[in-house]
Amino acid sequence: MMANPVNISQERWNSETYLAIPKENGCLCRPVIIDIRRTYFGISLKVRDSASRDVELLKETFQQLGFSDPYIIRDTGSQEKDHPLYSVDNLKDELARIARNPQFTSDAEIFLFVVLAFGESGYFYLPNDPISGYQQKAPIPAKFSTSLLMAHFNGNNCRNLVLKPKIFLVQTCDAYLKQKDMSQFSGRAPLPPPSLYRVPIEADFLLYHSEVSGVYSKTMKEKTRQSLGSVIDQGNRNGGGDERETPACQFVYTLYKEVEALTGQQKDFELTDLILGVNRSLMEFIDKKHYRPDIGDIPWDKEPKIPICVDQLTKRLVLRTNLG
């Protein structure tokens, strides 16, 4: 229960749908993106090669929905002690600042937070930049849980978001994903089953967490990419010739394509329709094994799964396309 009462308009209280019309002096939504491209395990560097394309497609998706330009927390300079991604405490402080900032809360009608990082079910890793080229900061990067992330924007910590939809899209890539080692005594220990469904979540929150790693698309040969056509992201031409950027991870690309399809069909659509469309497309991607590597036809040690959605929205969320 909140310590202080919150002033809520009669219109907001009685409406069967969330208000999705931008205020005169505000915006419909200014998304926040955490974009962690590089993560160190000791001094061993893991890179999310799809990062640049992921952010590009997310920006285009937000534009189609009439959202403002996102505020992006990048890992550039994260070795500095005052950087938001330097430590768990620093990130908690940054999230608290965002929760107090009117452009994300009181001046907006929808709160949207996106995480792009390495991680697994229920958490993501911070960058963990080494102290020097030969001295690690920590053998394993610090973990930041999705429940801690969301807690900063609940009714107790962010009163300006009460009765507003709070959407969290989390895309984590598996830092240990590889093709199977077929030898008898190799391989990592099996992971426990996902426990994301036990994440505590309160009213007006929706968490949509994908673990469809960008590596599945990155390792495809150009011939395979071309044969799949629009099923996967073909990237943009980069630097002339036939060179291509690494494609976006399949979750971000599918989200982009589904929003594009819905905006072409109708002016308004519900968030639930978008999520169902994304999961349906990803199910086809998985069932038809489009993610299988074509290098030696050796399977991955971990196959992709459909994203998990934890939905505690109390009203319908109708999104309006930005078609003029």
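Leaving aside its neighbours within four places in sequence, which residues is Leu271 in contact with?

Analyst: This is a predicted model, so local features need pLDDT of at least 70, side-chain atom pairs count only at pLDDT 80 or more, and totals for chains, interfaces and linings use all residues. Residues are numbered from 1 along each chain as its sequence is written, and side-chain values use heavy atoms, with hydrogens and water left out.

Beyond those neighbours, Leu271 touches Ile167, Leu206, Leu313, Leu317 and Leu319. Contact here means heavy atoms within 4.5 Å.

Leu271 belongs to the largest nonpolar core, which has 38 residues. Such a core is a set of buried Ala, Val, Leu, Ile, Met, Phe, Trp, Tyr and Cys residues joined through side-chain atoms within 4.5 Å. Buried means under 20% relative accessible area, exposed over 50%, partly exposed in between, with a 1.4 Å probe and protein chains only. Phe67 and Leu271 have the most contacts inside this core. At least two core residues come from each of α2 (51–64), β5 (111–120), β8 (166–173), β9 (205–210), α7 (250–265) and α8 (271–287). Helices (H or I, at least four residues) and strands (E, at least two) are DSSP runs, numbered from the N terminus. The most comes from α7, with seven residues. A second, separate core of 27 residues includes Leu95, Phe111, Ala117 and Cys158.

Now α7 itself. Its buried residues include Phe251, Val252, Leu255, Val259 and Leu262. Gln250 and Glu258 are buried too. The 16 residues of α7 should span 22 Å at 1.5 Å a residue, and its end C-alpha atoms are 22 Å apart, which agrees. The expected span is 1.5 Å times one less than the number of residues.

The buried residues of α3 are Asn90, Leu91, Glu94, Leu95, Ile98 and Ala99. An α-helix has 3.6 residues a turn, so residues three or four places apart point the same way. The cover over the buried residues of α3 includes β1 (32–35), β4 (71–74), β5, β6 (123–125), β7 (143–145) and α4 (146–151).

Last, the rings. The structure holds 13 aromatic pairs. Rings of Phe, Tyr and Trp (its six-membered ring) pair if their centres lie within 6.5 Å; planes under 30 degrees apart count as stacked, over 60 as edge-to-face and the rest as tilted. Tyr123 and Tyr125 have ring centres 5.5 Å apart and planes at 80°, so this pair is edge-to-face. Both Tyr123 and Tyr125 are buried. Phe111, from the second core, joins Phe113, Phe153, Phe168 and Phe205 in a cluster linked by ring pairs.
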